[in-house]
Amino acid sequence: MSSQEERAATPRWLDESMEAQQFSIWTQKSELPVAKESDAAKARLIATLPIYDADRQAIGVLAATIPFGSLTLTMQEAALPDVSALALLDANYRILAQRTKGEQIDQWLPSTFVAGSGLDLMSGSFTQKGRDGIVRTYVVAALPGNVFGLYAQDAEEISPAVRALLYFIIAFPLLVWIAASFLAGRATEQIIIEPLNRVRQAIRRYIAGDDSARVEFDAQATEEVQAVATKFNTMADTIHARDVAIRAALDHQKALVREVNHRVRNNLQVMNSLLNLQSRRARTPEQAAIFLDVQRRLNALGIVHSALYQGDDFRAVDLGVLLTDLCLSTERHLSTEWGRPVLSMHCPEPVFALPDAALTLAFLVTELVAEATSHLSPEGHPATQIDFELAKRPGGGSTLTMKVDQPVLKELMQNRPDEGHINLFRGLIRQLRAHMDVDEPGCLVTVNLPVLI
């Protein structure tokens, strides 16, 4: 069919069979309805089957010409009512076989059944006048290919068989639709819904913290669902590999930090020991006090360093733990021949600070203890009680209080050029952006601290 001339010369059944897209049976255009035995011998049937390419476009037709006389159409014997008929028709309303009880079927055909009229022959039932002008009830059922079965009966009364056939024709599409919906639902559930539910469950377990959650391979799932499951498994494996690498790097980093911390602590201890040895060579109490002040500050630095690196979080320091350790260490360090000061620290709830702020606060506490104990002497009280308390304020920040049981806070904040620690108080308070009040009669020091983290 390369040229229009060749295509125009092709019979009509060839074009129609390509458009039918299914197996079909045709009679040649020149054939007349089979009515006589002599005509049946000359009649031809053509069985066709379209051929498609990869794009589902019809490119040809397989056709077989069969002499009508060589076919045997068997019909089950049935007791037909009077004035009724059965027949097999093709798409052009040509009679292929018939069984009648009464007149010939060609007179029973509906008046609208005219060959070449262009009307489509559909399954169903209807009431219409026949070619002989009598109103009848017709039932049409589609058979494989383009063959149709026709039953005709007088419209006055429909037999039980025809009524059952009518019910079947009405109910059959509904039954087919219900069955198809059920099968489609089951197939959708097995190949889409259930695999997607398994993927969703795996994702939920993974989000909940189960790093081992994976989607098992399901051969019944669609390619799209399998692709989603594969992508999820690949993503989870990649994240797991990265987490393992990050944890290994973090462990290595922590080991390095602990090694550095260990060496810094050793260096601080060596410096403290050297200062202790050097202080023994001091000839005056003033020289010994200088070495004692340096040792006290080195001790505060070492305690802050230990508090910072004793845990896994190096970003913040628990001030309650830090100041408790500082009080214990300072209490041992300030032991004198006439008594040891008693230091206590109370912190109702955790208060955290950045390392720099924690170090500054530790220096401040150290200087307050040194100032409070510097006025002790054998002629006075042999020991003193110093109580610290750190508590959060409702509006934010915290408050540090120091309570001393002796009146040793006189002129604590006054500028005295001969005592450098007085200026040091003001510098530490300014660095912390805090405010300090001294109640000399009540022997109470209050430091209002901002948020230190």
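Q: What counts as a helix or a strand in this structure?
A: Helices (H or I, at least four residues) and strands (E, at least two) are DSSP runs, numbered from the N terminus. The model is a predicted one, in which local features need pLDDT of at least 70, side-chain atom pairs count only at pLDDT 80 or more, and totals for chains, interfaces and linings use all residues. Residues are numbered from 1 along each chain as its sequence is written, and side-chain values use heavy atoms, with hydrogens and water left out.

Q: Where does Trp108 lie?
A: Trp108 is placed in the loop between β5 (95-101) and β6 (124-129).

Q: Why is Trp108 called buried?
A: Buried means under 20% relative accessible area, exposed over 50%, and partly exposed in between (1.4 Å probe, protein chains only). Trp108 has a relative accessible area of 3%, and is therefore buried.

Q: Why is Thr360 called buried?
A: The relative accessible area of Thr360 is 5%, so Thr360 is buried. This residue is found in helix α8 (residues 355-373).

Q: Which residues does Thr360 touch?
A: Contact means heavy atoms within 4.5 Å. Leaving aside residues up to four places away in sequence, Thr360 touches Leu428, Gln431 and Leu432.

Q: What makes β10 and β14 edge strands?
A: Two strands pair if DSSP finds at least two bridges between them. Five strands form an open sheet in the order β10-β12-β13-β15-β14, with mixed pairing. Within this sheet, β10 (342-346) and β14 (435-439) each pair on one side only, and they are the edge strands.
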